[in-house]
Each structure stands twice: as structure tokens, then as C-alpha cells.
Amino acid sequence: MSHLVVLPLLILSATLLAQPSVHPKLAQAQAQYRHALAQHDTLAMADAAYLMGKRFRASGDYATSRKWFLYALKIWEPRGPSVNLNKVYVQLTGDGATVGNFSDAFGYARRALANSRQLNHPHSLMSSYVMLSGLHWQCAQDTSVDKSLKASADSALLYVEKAEAIALTLANPKELAGVRYNWGCMLSVRQPRKAIPLLTYALAMYEQEKGSNNQVVLHNTLFTSYMAIKQLSMSYAHLLKADSICQTQKLVDAPVRTTVHYNWAIWHQKKGQWQLAYTRLKTADSLSHATLTADQRANIARQNVMYETERREAMLASQRTELALRDSRLQVQRQYTFATVGLLALAAAFGTVFYRLNQTNKRISRQNAQLVDEQSHQMKNHYQNITSLLSLQSNRLVDADARRAMEESQLRVHTMAALSQKLYDTKKLMNLGLTVIIPDLAGGILRSYGYDSIQPDYDLTNVPIQPNQTIPIALIINELITNSCKYAFPNNPAPMLHIRCWQEAGRLRLRVQDNGPGIAPTVGEAGFGMYLIAIQVGQLEGSYTVSGPPGFTFDLSL
């Protein structure tokens, strides 16, 4: 590695090494890093940085953990697909999910999946499936998560089933235990009876490891599952076992220890021991305030109120509240009665008006349909004439570059013609959106260049667009996919095309990515395709950016 690359890494590592050593094995990882630094061994530096990221993550310091993982990523990612790269993608996915940055987490998870597919490495692919399964499940249960991520419980179960299939082919009980461990954790809340056999199998494997952190997690989850089906004796046994491991082992993560205290609070609450429950919750909060969920924090306050109200008489306040609620209900009912009478009177008054307007609207709609059909037929003829003229001109050309340019122009005209036909089809006019346009357009271009075997990765949200925006957007996508077919896919053993559209802050966002060699900035500015894109973006009053290499990424904002 050149000195120009090593120097920034040295500055970053000096800052990160100044962090306090809170994990028992962190000092060992730091020593390993310093030795690699002295030897100028960048791959060994990345290995040590990855280990330190895991140590800080185990201690609950996610900010420092992420810095070390990104440090390792700066070294591994430029070298191309690898098992190590997949590991750091998976860790960054987990960090993103832990701090609630699910958009970032899904981005790293998809990169991990693409990396493992290029490697064709079963273990890496299995890890990617497990991580995507957990992300989909966590986001599907949380109603506050951005719906554009399209997370679903069905996708979570599909990915974990794929992971289990790989684990079975590997014939490695420990790998299978890891998959069922994650599967059981997902099912523990809503389907505890199905979760218990999966968790028990995983626990039997992890019990072969002395003081495993995973053992405590599994005992905690089995405690929750047995509590859900009211098998209190089994639940209590797992809680005692989890607590025993925490008492005897120092390597149990802080968040896991916190969960044990929280489960004790649930147990004491079940037994009506409010003072003990409150004490446990306060201990959990003091151990790791940042790792507690909002529900757990609310439970701390709730347990405190329960404990205090046991010593107070609240009968009078309860009676007053009941009387106030009764008066409020009576007042609301009177308001609803007056509103209902008023609405019925308005409905009777406006009924006749609406009927007449409806008849007029039907007559106008029939006239408009006839005009649209006629205009559509004329427009189709115009585009056909233009295409024929371009074809005749192309047949007369001798120069290969000129002929190719003419063929590309024909493709652009064909794109505009196809979209115009759909826009003027009255049956589809209100339903036509990017979720329909993009797959049809991409499929047609790939077939025309002989790449119909490529399956693009679509992540499309049905963002509403105006009819006059359709053709400029389609021309932009046409140019981008055409460039990918010309420059990114030839001689590429694993061509990849990712197209995403979503809405962000009231603006349409479009991203097109490939894994080709990218383009130089000067080429991107001078090429006719990019010139045409710039014209269309200006017409749409939007903005765009281009990044890469590696790969080529185009981001549009309207």
C-alpha cells in the first residue's frame, strides 16, 4: 500500500486506539493491530480492526464499533469480493439495525448478498440470508419504520428458510444451530410454541461452548417463550441459568446482561413483587441506559408508579375520573347526534345536484375518450413514420459508428412511442407509474442488446408522476441502461443492474447502478448520452449526480 493511503489510516487508527479498553479481549486486538501497523501489513491491520469493531460492539459502544468496521471496509472493499468483506458488511448491517438506521442496514445487507453471490461461498450466503431475515422481521414488527423499505414477515421467513437449506447442505450442526437460533428468536413473541424446539436445538449446541454469550441470549428468549405459554416452571429454570452464567462469566455482553435483569423484573412483576421488579429495572437501566428499548423505559416508570401507588389510597380520584369521563361521553354523543342530522339534511340537498353533475360528466367523458383515441392513432402514425425514416437512413450508412448512433436513435424513438401509446390508453392512464414503466423498459433494452438473461434488482415504490414527466424520465432510464449494456456488461462475469425509485421529503428519487468499470468524469460530461440526460433533467427541473468507479451510480432528484 502506498504512503498516500497509509497516512490517513494511521491518523484514523491513532484516534480510535485512544478509546478506553472496556472489553476483556480488546487489549489483545489492539496489540494485534499495533504489530500489523509496525509491519505495514494492511490486510492484518484490517483483520485487527474488524476484531476491535466486534469488541466495542459487544461492550455496547456502537459509535466506536462502526468506526473500526468502516476502517476495515476501507481496506477490504477496493480489493473486490471476499469472505472478509462479507463479514464486515454483516456487522455494519447489525450496527445499523441496532441504532435504528434501517435504510443503511438494508443497503449493507444487499451489498453482502451481492458479494456472497459473486463468491458463490455457502457460508457467506447463509450469513447474508440470516441478516436479511432478521432485518425484515424487525422492521415488519415496528410500525414506525419507513414503509418504502418494503419489509415483511413473509420475506423474513423466506430468507431464513433459504439459510436453513444451506446449513443442512453444509452438514455442520453448529451452522444449523445458528440459523435456528435466529429463527427461534423471530418466532418467540408471536409463535412461542414453534420457537421453543428451534431455540432448544440451538441451546444444546451452544452449551458445548463454555460461558457462551449466545447461551444467555437463548436462555433469555426461552424464558420469554415459556412465559408466553404460561409454563412458569420452565421459564424460571431458564432465567436462573441465564443469571448463573452472567454471574460466573465476564465475557457476556452488556446488553445481554441488561436483558437478564429486565426478565427478572418481569418475573417479579408476575409474582406481584413490585419492589424487587422496580429494583431490577433500575439496575438494568444503570448498566446500559442506551441499550434499553422505549418499552423497557416505559416499564421502569410504570413499575415505579405501581410501587408508589400500593401505599396510597386512590379511590376518590378514580371516582372523579369516572364521572368526568361519563359527562364527556354524553357531550360527545349529543354532538354526534346534531352532526348526523345536519349531514342527512345536506345529503338530501346535494343528492339531486350530484346526480345531474354525474350525467354531465359521463357525456363529457365519452367525448374525451373519442378525442384521445383519435389523437393516439395520429401520434402512433407520426412515430412510425419517424422510425421508418431513421431505418432507411441507417441502411444507407456505411460508417459503423454512424449506423450505431442511428440505431440508438431508433431505440429512443421506440421508447417514446411505446410510452405515448400507454399514456393515451384511457384504461391505463390513471394506473401508469414507474413500477410499470421501469420493468417493461429495462426488459426491452436488455433483450435488444442480447442480455435478456440478466435479472435486474428492482426496488420500486409507486411514486406518483405527472404524464408530462413520463417520457423525459423514460429517456433518462433508456440512456442509463443502454450505457450499462454497452460498457458495464461486456466481459463481466457477474453483471448486475440495480434500479431503485422512492419518495424522500416530497421529492422523487431515482437510482440506477451497475457493477461495470464506471466512466471517467470527462467522458461523463462529453458523451451524447449524458448530454441528453442533462437536457431531460433540466426539462424536469431536477438535479442529478454520477459516482464511480468502482461501478457506475446515477442519482436523480425531482
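I take buried to mean under 20% relative accessible area. The model I am reading is predicted.

**Entry: helix H6**

I looked up H6 against that cut-off. Its buried residues are Phe 102, Ala 105, Phe 106, Tyr 108, Ala 109, Ala 112, Leu 113, Ala 114, Asn 115 and Ser 116. I recall that an α-helix has 3.6 residues a turn, so residues three or four places apart point the same way. Next I asked which helices the buried residues of H6 pack against. I found helix H4 (62–76), helix H5 (83–98) and H7.

I then checked the length. H6 has 18 residues and spans 25 Å from first C-alpha to last. That is close to the 26 Å expected at 1.5 Å a residue. Just after the helix, I noted a positive phi of about 55 degrees at Asn 120.

**Entry: nonpolar cores**

I looked up the largest nonpolar core and found 53 residues in it. Phe 102, Tyr 129, Leu 135, Val 179, Val 216 and Leu 218 touch the most other members. Helices that each supply at least two residues of this core include H6 (102–119), H7 (122–141), H11 (213–228) and H13 (254–270).

**Entry: strands S4 and S5**

In which sense do S4 and S5 pair? I found S4 (residues 543–547) antiparallel to S5 (residues 552–557), over five bridges. Ser 547 stands opposite Thr 553 in S5. The two strands form a hairpin, with four residues between them. In the turn, Gly 548 has a positive phi of about 115 degrees.

Key:
Residues numbered from 1 in each chain as written. Predicted model: local features only at pLDDT ≥ 70, side-chain atom pairs only at ≥ 80, totals over all residues. Heavy atoms only, no water. Core = buried A, V, L, I, M, F, W, Y, C linked by side-chain atoms within 4.5 Å. Buried < 20%, exposed > 50% of the residue type's maximum accessible area, 1.4 Å probe, protein only. Expected span 1.5 Å × (residues − 1). Contact = heavy atoms within 4.5 Å. Pairing = 2+ DSSP bridges.
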